[in-house]
Amino acid sequence: MELDNSINQRFSVKSFTDKKVGLDAVTQLLGAGGKAPSAGNLQDWRFIVVTDEGKKDEIASACMEQVWIGQAPVLIVVCSDLTNLRRFYEDRAEIYGIEDCSAATENILLKATDMGLNSTWVSAFDEGEVMRVLRTPDSYKVISVIAIGYSEEKLDEKQRHDIKTLTYYNEYGSSTSQSNAFPLVKEENVKAVKEAAKESKGFFEKLKEKFSKVRDELKKEDE
Ligand SMILES: Cc1cc2nc3c(=O)[nH]c(=O)nc-3n(C[C@H](O)[C@H](O)[C@H](O)COP(=O)(O)O)c2cc1C
């Protein structure tokens, strides 16, 4: 299936048939999750695959009593392990954890659609309760519970805002036309862009320094 088809045909379901989802399919879904971008490539996502009937029901209860979640043959609970993110990014760690795991979650949803599976991203939950049921360490932050299975529900496209009404160019409120918004294609601007890239190099140098420092610390801890 083409990416566009996957994007256009994904939709959330709230009911599943009894058809099982095999381990091979789950492995493919996780593989897609692990290909997502992540801050500093730290790959802080941790996936907890839940197939146990009792546990699924407990998770469904922890998700504000959304009992239909327990009907899904498989739940993939996506958590961020904040340990390394905190070491590298300090007060940005949590937001990066959320972003990394959200990217992984969306990859899984699109892959599921591509494989003919149905899914729903669930994030309305009592985090402490999910952590208790799954016995996750304190360094984990629960980002999403993905319910996966086969459904008889049919795509009922939700109303979407016209994307033009949600988009600004260059600054908030600007109604600049799209062609004016991309002056970079003009030859005279290419030089300015190269200069700007040179100036921002300091940022990457600093980041590199920080990374090698933390890596050294980690190495020492391992020894
Ligand atoms: C952060 C987040 C949290 C969500 N939490 C829930 C949830 O707890 N229960 C649920 O049924 N759907 C949940 N959804 C699914 C949305 O309701 C759904 O994506 C939205 O209505 C658009 O519909 P669609 O997925 O069919 O396009 C969540 C989606 C996101 C991104």
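Select F88, Y89, Y96 and F211, which ring pairs link into a cluster. Rings of Phe, Tyr and Trp (its six-membered ring) pair if their centres lie within 6.5 Å; planes under 30 degrees apart count as stacked, over 60 as edge-to-face and the rest as tilted. This is a predicted model, in which local features need pLDDT of at least 70 and side-chain atom pairs count only at pLDDT 80 or more, whereas totals for chains, interfaces and linings use all residues. Residues are numbered from 1 along each chain as its sequence is written, and side-chain values use heavy atoms, with hydrogens and water left out.

By the ring rule, the count comes to 5 aromatic pairs. Display Y89 with Y96: this pair is edge-to-face, with 4.8 Å from centre to centre and 85° between the planes. Next, display Y89 with F211, an edge-to-face pair with 5.9 Å between centres and 65° between planes. This pair links distant parts of the chain, as Y89 belongs to helix α4 (residues 82-89) and F211 to helix α9 (residues 201-222), 122 residues apart. Helices (H or I, at least four residues) and strands (E, at least two) are DSSP runs, numbered from the N terminus.

Are Y89 and F211 buried or exposed? Y89 has a relative accessible area of 12% and therefore counts as buried; F211, at 11%, is buried too. Buried means under 20% relative accessible area, exposed over 50%, and partly exposed in between (1.4 Å probe, protein chains only).

Now select the ligand and its surroundings. The ligand is surrounded by 13 residues, the closest being S12, Q66, W121, K158 and R160; a residue counts here if one of its heavy atoms lies within 4 Å. This shell divides into 5 nonpolar, 4 polar and 4 charged residues.

At S123, turn to the backbone, where a polar atom is 3.1 Å from a nitrogen atom of the ligand. Of the 620 Å² of accessible area that the ligand has on its own, the protein covers 65%.

Along the sequence, their pattern is α-α-β-α-β-α-α-β-α-β-α-α-α. Of the 223 residues in the chain, 35% are buried.

Note on methods. A polar contact is a pair of N or O atoms within 3.5 Å; within protein, one must be able to donate a hydrogen and the other to accept it, and residues adjacent in sequence count only if both atoms are side-chain atoms. Accessible areas come from the Shrake-Rupley method with a 1.4 Å probe; for residues, only the protein chains shown count as cover. Ala, Val, Leu, Ile, Met, Phe, Trp, Tyr, Cys and Pro count as nonpolar, Asp, Glu, Lys and Arg as charged, and the others, Gly among them, as polar.
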